[in-house]
Amino acid sequence: MNPTPPTAMTAAPHAAMGPTPQAAMTPAPHAATSGPTLEVRGLQTHFFTRAGVVKAVENVSFSVGSGRVLGLVGESGSGKTVTGFSIIGLVDPPGRIVGGSILYQGRDLAKLTEREMRGLRGNRIAMIFQDPMMTLNPVLRIDTQIIEAVRAHTNLSWREARVRARDALGMVGIPHPEERLDAYPHQFSGGMRQRVAIAIALLHRPDLLIADEPTTALDVTIQAQILSEVQQLCATQGTALLWITHDLSVVSGLADDIAVMYAGRIVETGAASSVLDRPLHPYTHGLIGSVPSRNRRGQRLRQIPGMTPGLLALPAGCAFRTRCARADAACAVDPDAREVMADRTTRCFHPELDLIA
Ligand SMILES: Nc1ncnc2c1ncn2[C@@H]1O[C@H](COP(=O)(O)OP(=O)(O)OP(=O)(O)O)[C@@H](O)[C@H]1O
Ligand code: SF4
Ligand SMILES: [Mg+2]
């Protein structure tokens, strides 16, 4: 994967974090198509390493509609970032997409040339990384970086682009944006750097935003503030948001829908409230039980037994088999995803339907 993506990749903010003007700032959002903004079908991204083929993303499917938020949740190493990088075209050798499709407004991103992808990246599709320095160049002033990002996808003059850069900083709540434009990234706090990265990601009002744990390193107050601001922005602008996190408490307040990932596979999907209230897959159940909750105050947290197996040493059949209390002989075959309740899919032979009250 690319550790230092080019400026154009993140480019692009637009409207409204904090009180602000927005009209002059950016083009109108693109016209929505009738289907979902993003539809990932059967995606497979593998890394061809000396030790073997690491199937980091294996037959992954989900979709995100305009103005909707999908929380992609799973433990470390489950394949969340590789999924995001696959969508935005940043998987580097020895990794590559070996199967499936990534339909963005009906176009398969997996089939685009790098040149075509550059036209979308940072413009119609943007990504916010966990580390804002993935977006920011440490040796360039902030104004230079945002202006470059603006001009990569517009015909604005340098002066006009600088005005837009200033407005973008104001919109993400950076005080004295005119002065701060002259600063270098190291002159910002971690929270402010992330705000700059978010401003750049939102510059061109993307149709699709992928946010990869962007608030994990921030303190909880700033985290909550940024979450609600990004959520509001996406809702008002019709941006489809894929929010990647290992933190269920984040998705519970933010996401409309949830997709749970384990060992490169999506094991459960559904409306966020439904999945959190009534997890069907034993892994989701364990994940929820291991998170502190006000409702379970005083009770011991449950742990999922065992360790996440390495992707080169997965058990045959269901990947969760060695940790699952419900496993039986049927689980020696890898289950397909199936709809077991209205709008709820799970990849399990023995979903926890019996636990539903
Ligand atoms: N360049 C690479 N070569 C080999 N394997 C890789 C490479 N990049 C990622 N992987 C593997 O792909 C799997 C998924 O990684 P990924 O970074 O997507 O996990 P993640 O769910 O984002 O985890 P985290 O929560 O820690 O960020 C991991 O097992 C990882 O080791
Ligand atoms: S398929 Fe079997 S092993 Fe896998 S999660 Fe379901 S019950 Fe457990
Ligand atoms: Mg990750």
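Of the 13 residues around ligand 2, the nearest are Cys318, Cys324, Ala327, Cys331 and Cys348. A residue is near a molecule or strand if its C-beta atom, placed from the backbone, lies within 6 Å of it. By class, this shell around ligand 2 has 9 nonpolar, 2 polar and 2 charged residues. Ala, Val, Leu, Ile, Met, Phe, Trp, Tyr, Cys and Pro count as nonpolar, Asp, Glu, Lys and Arg as charged, and the others, Gly among them, as polar.

This is a predicted model, in which local features need pLDDT of at least 70, side-chain atom pairs count only at pLDDT 80 or more, and totals for chains, interfaces and linings use all residues. Residues are numbered from 1 along each chain as its sequence is written, while chains are lettered from A and ligands numbered from 1 in the order in which they are written.

**The sheet**

An open sheet is formed by 8 strands, with mixed pairing, in the order S6-S7-S8-S3-S9-S10-S12-S11. Strands (E, at least two residues) and helices (H or I, at least four) are DSSP runs, numbered from the N terminus. Two strands pair if DSSP finds at least two bridges between them. S6 (125-128) and S11 are the edge strands, each pairing on one side only. On average, neighbouring strands are turned by 20° against each other, direction ignored.

Two of the pairings are set out here.

| Strands | Sense | Bridges | Partners |
|---|---|---|---|
| S3 (residues 69-73) and S8 (residues 240-245) | parallel | 5 bridges | leucine 72 and isoleucine 244 |

**Helices**

Helix H11 (residues 282-289) lies across strands S9 (257-262) and S10 (265-271), running at about 105° to S9. Axes are lines fitted to C-alpha atoms, for helices over the stretch in contact, and angles run from 0 to 180 degrees between N-to-C directions. Contact requires C-beta atoms, placed from the backbone, within 7 Å.

H4 (residues 142-152) and H5 (residues 158-171) pack at about 110°, with their axes 9 Å apart. That makes H4 roughly perpendicular to H5, a label for angles of 65 to 115 degrees. The contact involves Asp143, Ile146, Ile147, Val150 and Arg151 of H4. From H5 come Trp158, Ala161, Arg162, Arg164, Ala165 and Ala168. By class, this contact has 7 nonpolar, no polar and 4 charged residues.

How values were computed:
Parallel < 35°, antiparallel > 145°, perpendicular 65-115°, else oblique. Contact = placed C-beta atoms within 7 Å.
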